[in-house]
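Student: Could you take me through one part of this structure closely? I would like to look at its pockets, and then at the metal site.

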Amino acid sequence: MNLLHLFGLPPAASTYAADIDFGLRLTFGAIVFVFFSWSVYLAYLVFRYRNKPGERAEYEKSEGISKAMIPGLVVLVLEMILIIFWEIPVWGKIKEEMPKMGDVVEVNVLAQQFAWNIQYPGPDGKFGRREQKLVSFSNPIGLDYNDPAAKDDIVLANELHLPLGKTALIHLMSMDVIHDFAVPEFRIKQDIVPGMDIPLWVKPTKIGTFDLACAQLCGFGHSLMVGHVVVQTPEDFAAWLKKEAPAPQAASSANNF
Ligand SMILES: [Cu+2]
């Protein structure tokens, strides 16, 4: 039986999911080991130094490192090794090494109370200008259709499509309060802070539909803020993009709102 299922982890569907899972298992294993060895040691001490007739407690001043501190120091050293040689490199890979522009799928994710707005730049590869005063029911992200770059943009609600095996660069932005982009299968959880464009990359490794949840209590409808991530083959993704592309006249009529 796969131990991961015991921990209730969902299937892993991104290139760095295995690194995160390794960390989870290592941390869990280490905690189990420390807990049981400490319990045995504690039981031994309770028995060894139990109250006996005619014996009084002794207190001695310890200077420097005493023997009793050794287990704590061992744990400290192991934690330092874990942080320096595992956590920092993995964190750096995920959060600092942003993919090079060019062969990536770029998409804007604009979170709002209580929905996920998804914006693809369209064939021109450029996101259209957005302006807050243009936000309306029919134009939830305030896209400025006078901007030529906006004409072919694709705007969707609660459905993020990504191609399999291709790096996606996701720009996380909020239109109101702090939200959090969480896709458990990708092992991603990233806060979205108003006024910031927070880049996040992911390379999906599994075809499927995964939940996109808001992991930051963001208001009354927080629990309803659920979207989906649909991972498709690159061919299906390209066909889907083509199907979703706005017709030129649709773009100009949207201008009248
Ligand atoms: Cu939210």
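Tutor: Start with the second largest pocket of this predicted model. About 480 Å³ of space lies in it. Its lining is made up of 17 residues. Those nearest the centre are Ala30, Val34, Val75, Leu78 and Glu79. Two elements, α2 and α3 (70–96), each give two or more residues to this lining. Helix α2 supplies the largest share, 9 residues. Now sort the lining by class: 13 residues are nonpolar, 2 are polar and 2 are charged.

Turn to the largest pocket. The space in it is about 720 Å³. It is lined by 19 residues, and Leu45, Arg48, Tyr49, Glu58 and Glu60 are the closest to its centre.

Next, the copper ion. Which protein atoms are its donors? They are ND1 of His179, SG of Cys214, SG of Cys218 and SD of Met225. These donors lie 2.1 to 2.5 Å from the ion. The angles among the 4 donor atoms run from 93 to 123 degrees, and the site is tetrahedral. Along the chain, the donors follow the spacing H-x34-C-x3-C-x6-M. Histidine 179 lies in strand β6 (residues 179–183), and cysteine 218 lies in the loop between β9 (208–214) and β10 (226–232), so this pair ties together parts that are 39 residues apart in sequence. Are these two residues buried or exposed? Histidine 179 is buried, and cysteine 218 is buried too.

Definitions and conventions
Residues numbered from 1 in each chain as written. Predicted model: local features only at pLDDT ≥ 70, side-chain atom pairs only at ≥ 80, totals over all residues. Heavy atoms only, no water. Donors = N, O, S within 2.8 Å, 3.2 Å for Na, K, Ca; no water. Tetrahedral: all angles 85-135°; square planar, octahedral: opposite > 155°, others 65-115°. Helix = DSSP H or I, 4+ residues; strand = E, 2+ residues; numbered from the N terminus. Buried < 20%, exposed > 50% of the residue type's maximum accessible area, 1.4 Å probe, protein only. 1 Å grid on protein atoms, 1.4 Å probe; cavity = no way out; pocket = protein on both sides within 12 Å on 5 of 7 lines; lining within 4 Å. Points joined across faces, edges and corners; volume = space filled by probe spheres on them. Nonpolar A, V, L, I, M, F, W, Y, C, P; charged D, E, K, R; others polar.
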